[in-house]
Amino acid sequence: MSGGGGGGGGGVGGAAKPADPMEAEFDVVARWTEQAVAELGTEYAVPAGCRGTGSPSAFAWLAEALQIERGVRFLDSGAGVGGPGAWLRDHYDVEPVLSEPMSAAAGASHRLFGLPSVVAWSQSLPFRSGAFDALWSLGVLCTVPDKAALLAEARRVLVPTGRLGLLVYVRTPEPLPESPEGNDFPTQQELHDLLDETGFTVLQSTDADDLGSSPLTWQARLDRVEALVEERHSDSEAWQVAEAQSAIMGRLIGGGHVRSVLVHAVAG
Ligand SMILES: C[S@@+](CC[C@H](N)C(=O)[O-])C[C@H]1O[C@@H](n2cnc3c(N)ncnc32)[C@H](O)[C@@H]1O
């Protein structure tokens, strides 16, 4: 049962077209993740839906920094399968809106968590100016060539005093030994310059690693979902492409070339 075709997943299920790395990682695997959760149980949904980026400690740090509470109008820009938005709703009593360009991922976030989700690129959001009080974008900026466009659009949809949270993979200034396809990591200085140019002031940033590792219970559920997806789909090209992408990422982080940084910025 390999995901019912459709929806832009080139190369899935033995089709001749080679898998596009970004689609493989963010769209096809999203569909498989949803299927795995349906098989394992809803308690697996949130960790499985935070693929690759967030941990509860990172979400809590950002939520506290952004002063999230009931009534805050909140956008998760590049929300993936929706796990971070669901975590925020469950812990901070807000009703996040999600945007995500990959249709299978956006659909999964709606089906898994009942969150409102639009299919959209973060450089061109279908919201009026000033529609949100706070916004976060987790693990997205490094996949976007025109980072200034994404940040300027975030600035547009925020109120004039809006709060911005980012999780960004930043690189050291030295050339990288390898890079996953479709990723372009900024240095910390480039990131701060970009935020400055697009109308944000950085109030604080911290290494996500400094916040500690995920709880074992969270990690165990994530591992279980990944093992099931591997068991079902490891013979497919899309799985192998996605796996190769995350293996490169693991080596870059392990080798200290790239690190995960949380940023709290405000408009103005
Ligand atoms: C590493 S995943 C993180 C997903 C989610 N934020 C999370 O933390 O679970 C990166 C996400 O960025 C999305 N993405 C890539 N390019 C984008 C763009 N231009 N605008 C919005 N999202 C984008 C991908 O589809 C993918 O869902």
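Mentor: Two strands pair if DSSP finds at least two bridges between them. The model here is predicted.

Trainee: Which residue stands opposite Val258 in S7?

Mentor: Strand S5 covers residues 158-171 and is joined to S7 by nine bridges. The strands S5 and S7 run antiparallel. Opposite Val258 stands Arg171.

Trainee: How many bridges join strand S6 to S7?

Mentor: Strand S6 spans residues 200-207 and runs antiparallel to S7.

Trainee: Why is strand S7 described as largely enclosed by the rest of the structure?

Mentor: Buried means under 20% relative accessible area. Strand S7 runs over residues 258-267, and it is largely enclosed because, of its 10 residues, those that are buried number nine.

Trainee: Which side chain has an N or O atom 2.6 Å from an oxygen atom of the ligand?

Mentor: A polar contact is a pair of N or O atoms within 3.5 Å. A ligand nitrogen lies 2.7 Å from a polar backbone atom of Gly78, and a ligand nitrogen is 3.4 Å from a side-chain N or O atom of Thr143. The side chain at 2.6 Å from a ligand oxygen belongs to Glu100.

Trainee: How much of the area that the ligand exposes alone does the protein bury?

Mentor: Taken alone, the ligand exposes 590 Å². The part of that buried by the protein is 94%.

Trainee: How many charged residues are in the shell around the ligand?

Mentor: The ligand is surrounded by 20 residues, with Thr53, Gly78, Glu100, Gln123 and Leu138 the closest. By class, 10 are nonpolar and eight polar. The charged residues number two.

How values were computed:
Residues are numbered from 1 along each chain as its sequence is written. This is a predicted model: local features need pLDDT of at least 70, side-chain atom pairs count only at pLDDT 80 or more; totals for chains, interfaces and linings use all residues. Side-chain values use heavy atoms; hydrogens and water are left out. A residue is near a molecule or strand if one of its heavy atoms lies within 4 Å of it. A polar contact is a pair of N or O atoms within 3.5 Å; within protein, one must be able to donate a hydrogen and the other to accept it, and residues adjacent in sequence count only if both atoms are side-chain atoms. Accessible areas come from the Shrake-Rupley method with a 1.4 Å probe; for residues, only the protein chains shown count as cover. Ala, Val, Leu, Ile, Met, Phe, Trp, Tyr, Cys and Pro count as nonpolar, Asp, Glu, Lys and Arg as charged, and the others, Gly among them, as polar. Buried means under 20% relative accessible area, exposed over 50%, partly exposed in between (1.4 Å probe, protein chains only). Helices (H or I, at least four residues) and strands (E, at least two) are DSSP runs, numbered from the N terminus.
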